[in-house]
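Hi,

Here is the structure I said I would pass on.

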Amino acid sequence: MRRLMLLRHAKTETDAPSGQDHDRRLDERGRSDAAEIGHWIGRNPPFPELVLVSTAVRAKQTWDLAWDEMKDRVKAPEVELLDELYGAEPAQLLRIVRMASASDPKRLMLVGHNPGMHELALMLAGSGDAAAKKSLEDNLPTAGLAILDFAIDDWNEVAFRRGKLVRFTSPKLLKQALDD
């Protein structure tokens with residue numbers, strides 16, 4: 001069994017001071033949302049063993065803030081920054097996931113960007129929580145997290161429609177659950 005966690009970066013400023021998209025930082029809501037999703041992850045095992053993070057400032061900040069919220073409860077995962085996650089399409093993301101077979105973590109997290117992360121989640125989810133799948137169809141929102149399980153022994157075996165969507169959540173959905 002392998003678990004893949006796809007975390008989209010949190011809400012960002014419209015423009016970076018440098019003018020470069022890669023340098024956009026989290027805004028106030030993004031900082032709060034990244035911490036909130038990290039808090040949720042830290043209370044809902046199993047936890048990632050390897051985290052691959054886009055080199056974009058907003059993705060690194062999202063991971064750092066999420067990690068701050070979970071580090072007292074979770075064994076520190078291996079973390080790698082990957083340029084290839086920035087702007088990656090689903091096929092590229094799938095190759096990155098499959099490359100995890102080299103270190104073979106049982107649980108892998110990607111921290112990246114739409115539209116690639118959203119499209120990948122939809123393409124991988126062949127079964128699972130119907131309500132979560134319906135919610136995910138429209139969007140993987142900022143700080144949104146899709147969790148998929150694969151009945152496989154090697155990351156090289158990950159394929160489209162072979163994943164089971166176990167959970168889809170976001171800070172907005174977490175707040176709605178509290179209000180219900």
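**What I found**

Let me start in the sheet: Leu145 has Thr169 as its bridge partner in strand 7. (Helices, H or I with at least four residues, and strands, E with at least two, are DSSP runs numbered from the N terminus.) Before going on, a word on the source: this is a predicted model, where local features need pLDDT of at least 70 and side-chain atom pairs count only at pLDDT 80 or more, while totals for chains, interfaces and linings use all residues. Residues are numbered from 1 along each chain as its sequence is written, and side-chain values use heavy atoms, with hydrogens and water left out.

Back to strand 6 (residues 145-150). Five bridges connect it to strand 7 (residues 163-169), and the two run antiparallel. Strand 1 (residues 2-8) is joined to strand 6 by six bridges, again antiparallel; there, Leu7 is partnered with Leu145. Strands count as paired if DSSP finds at least two bridges between them.

How many residues of strand 6 are buried? Six of its six, where buried means under 20% relative accessible area, exposed over 50% and partly exposed in between (1.4 Å probe, protein chains only). Leu145, Ile147 and Asp149 point one way, Ala146, Leu148 and Phe150 the other.

Thr169 itself is buried at 2% relative accessible area. Leaving out residues up to four places away in sequence, Thr169 touches Ile37, Trp40, Ala143, Gly144, Leu145 and Leu174, a contact being heavy atoms within 4.5 Å.

On to helix 1 (residues 28-42). Its buried residues include Asp33, Ile37 and Trp40, and the buried set packs against strand 1, helix 2, strand 4 (107-112), strand 6, strand 7 and helix 6 (171-179).

Now the charges. The whole structure has eleven salt bridges, each one a side-chain nitrogen of Lys or Arg within 4 Å of a carboxyl oxygen of Asp or Glu.

- Arg3 and Asp149 meet at 2.7 Å, N to O. The pair links distant parts of the chain, with Arg3 in strand 1 and Asp149 in strand 6, 146 residues apart. Arg3 counts as buried because its relative accessibility is 13%, and Asp149 because its value is 15%.
- Arg58 and Asp21 meet at 3.0 Å, N to O. Arg58 sits in helix 2 and Asp21 in the loop between strand 1 and helix 1, so the pair ties together parts 37 residues apart in sequence. Arg58 is buried at 5%, whereas Asp21 is partly exposed at 32%.
- Asp33 and Arg29 have their closest N and O atoms 3.1 Å apart. Both lie in helix 1, four residues apart, about one turn of the helix. Asp33 is buried at 4%, while Arg29 is partly exposed at 46%. Salt bridges that share partners join Arg29, Asp33, Glu36 and Lys175 into one network.

Last, the aromatics. Rings of Phe, Tyr and Trp (its six-membered ring) pair if their centres lie within 6.5 Å, with planes under 30 degrees apart called stacked, over 60 edge-to-face and the rest tilted. The count comes to one pair: Trp63 and Trp67, stacked at 5.8 Å centre to centre with 20° between the planes. Both are in helix 2 (residues 57-70), four residues apart. Trp63 is buried at 5%, and Trp67 is buried at 18%.

Cheers
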